[in-house]
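Colleague: I'm new to reading models like this one. Could you take me through a few features, with the general idea each time?

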Amino acid sequence: MCGIIGYIGSKNSVPFLIEGLKKLEYRGYDSAGIAVAEDGHIHRVRSVGKVAELEKAALLEAPRGNCGLGHTRWATHGKPSQENSHPHTDCSGDIVVVHNGIIENYLPLKDKLQALGHKFQSETDTEVIAHLIEENLQHISAASDEERFFLAVMKTSDELQGAFAYGAMWAKTPGQIIGVKNQSPLVVGLGEGENFLASDVPAFLKYTSKVLFLEDGQTVVLTPQGAKVYGMDGQEVKVKPVKISWDQKTAEKGGYDHFMLKEIYDQPQALEDTLRTAEADFIRILNLKTEDLRRIKNVYLVACGTAYHAALIGKYYLENFAGVTASVDLASEFKYRTIPPAKDTLCIAVSQSGETADTLGAVKKAKELGFKRLAICNVLGSGLTRACGSVFYTHCGPEISVASTKAFTSQIISLYALAIFLGQASGNLSRGQFNTLYKELMALPKAVADTLKIEYDVRHLTKKVYKANRFIFLGRNVDYPVALEGALKLKEISYSSAEGFAAGEIKHGPISVIDKGTPVIVLMPKNHLFDKMLSACQECRARGAFVIAVTTPQGQEEAASVSDKQIIVPQASEYLQPVLDVISLQFFAYWVAKRLGRDIDQPRNLAKSVTVE
Ligand code: G6P
């Protein structure tokens with residue numbers, strides 16, 4: 001949800017800004033812009049559409065300067081247009097600002113500034129920041145322009161309300177960039193004689209893996225020589241740089257047409273990396289002195305989108321293996337419903353980015369209710385990891401495609417691992433039961449690698465159905481959330497209408513939408529519910545559906561007798577089967593969207609991290 005990049009060093013900042021914006025494009029892609037300090041003034045280039053459009057415009061205009069800011073936008077205040085694109089400026093055009101988040105009090109601030117004579121060019125909330133800095137500058141005196149600008153930014157941040165991160169620059173002080181973080185992500189990359197400011201690490205990972213994670217309320221002053229961080233009181237604070245282990249290659253397409261396809265193929269590695277630390281991490285988490293998770297009796301899982309579907313699967317795991325009562329809430333609903341306070345309650349927040357505003361809001365509520373909090377998250381130092389008492393990291397590396405794939409399967413296995421470790425710690429699982437479940441879990445990355453071989457078959461069968469305008473996905477038990485996820489994946493990237501249902505539920509209504517040729521994708525691995533799924537296939541077929549069965553070798557023959565096409569995935573244990581089944585649906589969504597010529601990695605209207613409510 002909007003991406004910010006800043007560069008300061010000895011080279012021309014423009015290529016760094018454009019390259020960084022391309023890496024941040026997953027955060028928003030309706031317009032983009034850059035501004036550089038060039039010979040005592042600001043040179044700004046902005047364009048509607050993707051960063052590629054901005055790149056063309058920048059090539060023509062050729063701005064040049066060693067200090068610059070860039071932005072890729074996902075519109076909140078004001079439609080995508082040149083005027084509303086960032087960077088925004090003050091009246092003089094010398095102060096520029098790029099911003100991610102929402103300034104909640106921008107209207108009263110705008111009124112006040114307009115009354116003081118400030119002229120606004122856009123409908124955005126961001127523009128108030130530039131004018132407010134300009135206003136504050138007039139009333140501040142200091143030994144140098146650099147210090148004056150810093151003090152004006154500090155005063156401005158004090159007056160802003162909401163969740164935001166912004167970068168600011170002044171033509172008069174081209175030797176510094178200032179960044180401010182308050183509940184929206186902002187990280188600093190420390191290079192050699194050059195430094196970066198960005199919403200996310202991949203934006204500068206090619207140049208440095210030395211990162212400063214800022215805390216909320218902190219302001220950073222970047223110069224070519226280094227970065228100084230200040231607290232809200234204006235006092236300098238020492239922040240230790242963290243070395244990021246992400247490989248630059250994981251943030252690149254590596255020969256695949258799309259990040260989504262590459263990330264589907266990343267899954268065996270992502271799962272293996274996540275499991276590598278699982279035992280040590282969960283033993284640490286479960287033994288925390290102050291937060292003895294072994295006593296937990298109730299669990300609330302909160303999440304959004306794909307992570308919500310992982311949480312739904314996690315509920316089965318927690319109830320079955322850990323013997324605790326678990327409920328799952330969409331984070332945006334959890335915030336506003338009445339939750340009775342309860343002892344020994346744990347809230348598990350599942351999020352790839354760790355910056356989804358709804359999930360952060362749900363965790364805040366869980367804290368107010370006195371619940372313990374555990375994050376399952378993929379991004380080091382993200383807001384969620386700070387808001388929760390404990391964190392278990394999925395180690396997927398950066399996930400760039402808006403449609404989540406490898407984060408989903410990593411979240412599922414994290415919840416599985418949590419549930420079995422919890423079950424063992426609480427005595428709900430015997431040593432023998434635990435060992436079997438653990439062994440099955442550890443064998444999963446290999447089974448995932450085998451499952452990837454189905455791509456060709458899935459690709460082939462999408463030829464028959466990709467033009468359908470309605471798709472139905474059916475599953476039962478742990479495969480019910482997989483059906484929901486299959487439908488979401490397809491909707492997100494193909495824009496076709498798709499719905500997922502619990503197979504037993506179709507007769508209570510949804511079956512009415514099935515018509516001649518409607519593709520119905522039925523998740524039916526061979527297990528104790530297989531016969532029920534055979535009946536579901538028959539019910540759909542009787543209404544003219546084109547039934548695609550996702551089954552395992554053991555169920556192939558019977559499935560073939562009730563379906564039009566079959567996708568055969570390897571057989572896993574019942575509770576791990578969703579991880580293999582969902583891969584078929586990831587490929588399915590990918591190939592339908594590809595045949596329809598959709599923008600797979602950056603589907604319309606969506607953003608990967610939704611940092612607004
Ligand atoms: C957005 C994305 C989804 C994602 C959801 C939750 O809506 O488009 O793909 O599943 O946010 O994101 P999170 O980072 O919290 O997992």
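Modeller: Start with helix H17 (residues 480-494), which lies across E21, E22 and strand E23 (519-523) and runs at about 175 degrees to E22. Helices (H or I, at least four residues) and strands (E, at least two) are DSSP runs, numbered from the N terminus. Axes are lines fitted to C-alpha atoms, for helices over the stretch in contact, and angles run from 0 to 180 degrees between N-to-C directions. Contact means heavy atoms within 4.5 Å.

Modeller: Two housekeeping points. This is a predicted model: local features need pLDDT of at least 70, and side-chain atom pairs count only at pLDDT 80 or more, while totals for chains, interfaces and linings use all residues. Residues are numbered from 1 along each chain as its sequence is written, and side-chain values use heavy atoms, with hydrogens and water left out.

Colleague: Got it. What order do the strands have in the open sheet of five?

Modeller: In general, strands of a sheet pair through backbone hydrogen bonds, either parallel or antiparallel. Here, two strands pair if DSSP finds at least two bridges between them. The order is E22-E21-E23-E24-E25, with parallel pairing. At the edges sit strand E22 (497-502) and strand E25 (565-568), each pairing on one side only. On average, neighbouring strands of this sheet are turned by 20 degrees against each other, direction ignored.

Colleague: How many bridges pair strand E21 with E22?

Modeller: Six bridges, in the parallel sense, with E21 covering residues 470-475. To find one of the pairings, look for Phe471: its bridge partner in E22 is Ala498.

Colleague: And which way do strands E9 and E11 run, parallel or antiparallel?

Modeller: Antiparallel: three bridges join strand E9 (residues 187-190) to strand E11 (residues 210-213). Val187 stands opposite Phe213 in E11. E11 is also joined to strand E15 (residues 242-243) by two bridges, again antiparallel, and Lys210 stands opposite Lys243 in E15.

Colleague: Now helices. At what angle do the axes of H1 and H2 cross?

Modeller: Two packed helices are described by the angle between their axes and the distance between the axes. The axes of helix H1 (residues 13-24) and helix H2 (residues 51-61) come within 10 Å and cross at roughly 170 degrees. So H1 is roughly antiparallel to H2 (under 35 degrees counts as roughly parallel, over 145 as roughly antiparallel, 65 to 115 as roughly perpendicular and the rest as oblique). H1 makes the contact with Ile18, Leu21 and Lys22, and H2 with Val51, Leu54, Glu55 and Ala58.

Colleague: Last one: where do I find the cis peptide bond?

Modeller: Most residues other than glycine have a negative phi, and most peptide bonds are trans. The bond from His86 to Pro87 is cis, with omega near -5 degrees. Pro87 lies in the loop between strand E4 (67-73) and strand E5 (88-89). Ala62 has a positive phi of about 45 degrees although it is not a glycine, and Ala62 is found in the loop between H2 and E4.
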